[in-house]
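Here are a few notes to read alongside the model. Have a look at the fold, then follow the points below.

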Amino acid sequence: MEAWIQHLIDLLALPEYGLSTVFVVSFISATLLPLGSEPVVFGLVKINPAMFWPAVLVATTGNTLGGALDWWIGYGAHKAVDKYQHSSHHGRAVRWLEKLGPKACLLAWLPVVGDPLCAVAGWLRFSFWPCLAYMAIGKFLRYFLMTGSLIWAFPGTAGRLFGA
């Protein structure tokens, strides 16, 4: 078993695979699986500051597509969740989400609740394309702000970030 794990770690190692690793980890972390992609994005940018924009855009794309998968899972799981329909928390959350509509997907970047939010948006049958657009905006802002903040917090690469 340890050899398999080591092989997986080697396969996803930076910088050998770079942007493909950022995409895969960002995609997986947007699903309901607990995995953070920010360290991978930061690691790539720390190793190669010129990769800031490509890394942020690839991470945004992977994470948005993972959110889209969550939306489709929620859309398909509508009948399975009907048994919770009468819960007081369910009713309050549904009313809040229905009030916000697809704009609620701006919050898809939040830890813990963001990924299930995408699934709930699909379950509530919010329009797919507006949800996807709001997910992309929120996720882009997350990667841009978090990676930029980490670069600022760990100087030495900030001056090279924008070609200065």
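1. Start with a polar contact of 3.2 Å between the side chains of Asn 63 and Ser 29; such a contact is a pair of N or O atoms within 3.5 Å, where within protein one must be able to donate a hydrogen and the other to accept it, and residues adjacent in sequence count only if both atoms are side-chain atoms. The Asn 63 side chain also makes a polar contact with that of Tyr 143, at 3.1 Å.

2. Before going on: this is a predicted model, with pLDDT of at least 70 needed for local features and 80 or more for side-chain atom pairs, while totals for chains, interfaces and linings use all residues. Numbering runs from 1 along each chain as its sequence is written, and side-chain values use heavy atoms, leaving out hydrogens and water.

3. Is Asn 63 buried or exposed? Asn 63 counts as buried, because its relative accessibility is 1% (buried is under 20% relative accessible area, with a 1.4 Å probe and protein chains only). Leaving aside neighbours within four places in sequence, its contacts (heavy atoms within 4.5 Å) include Ser 26, Phe 27 and Lys 139.

4. Asn 63 sits in helix α4 (helices are DSSP runs of H or I, at least four residues, numbered from the N terminus). Helix α4 (residues 52-76) packs against helix α8 (residues 128-153) at about 140 degrees, axes 8 Å apart; axes are lines fitted to C-alpha atoms over the stretch in contact, and angles run from 0 to 180 degrees between N-to-C directions.

5. On the α8 side, the residues making the contact include Lys 139, Arg 142 and Tyr 143, and on the α4 side Asn 63 is one of them.

Methods
Helices (H or I, at least four residues) and strands (E, at least two) are DSSP runs, numbered from the N terminus. Buried means under 20% relative accessible area, exposed over 50%, partly exposed in between (1.4 Å probe, protein chains only).
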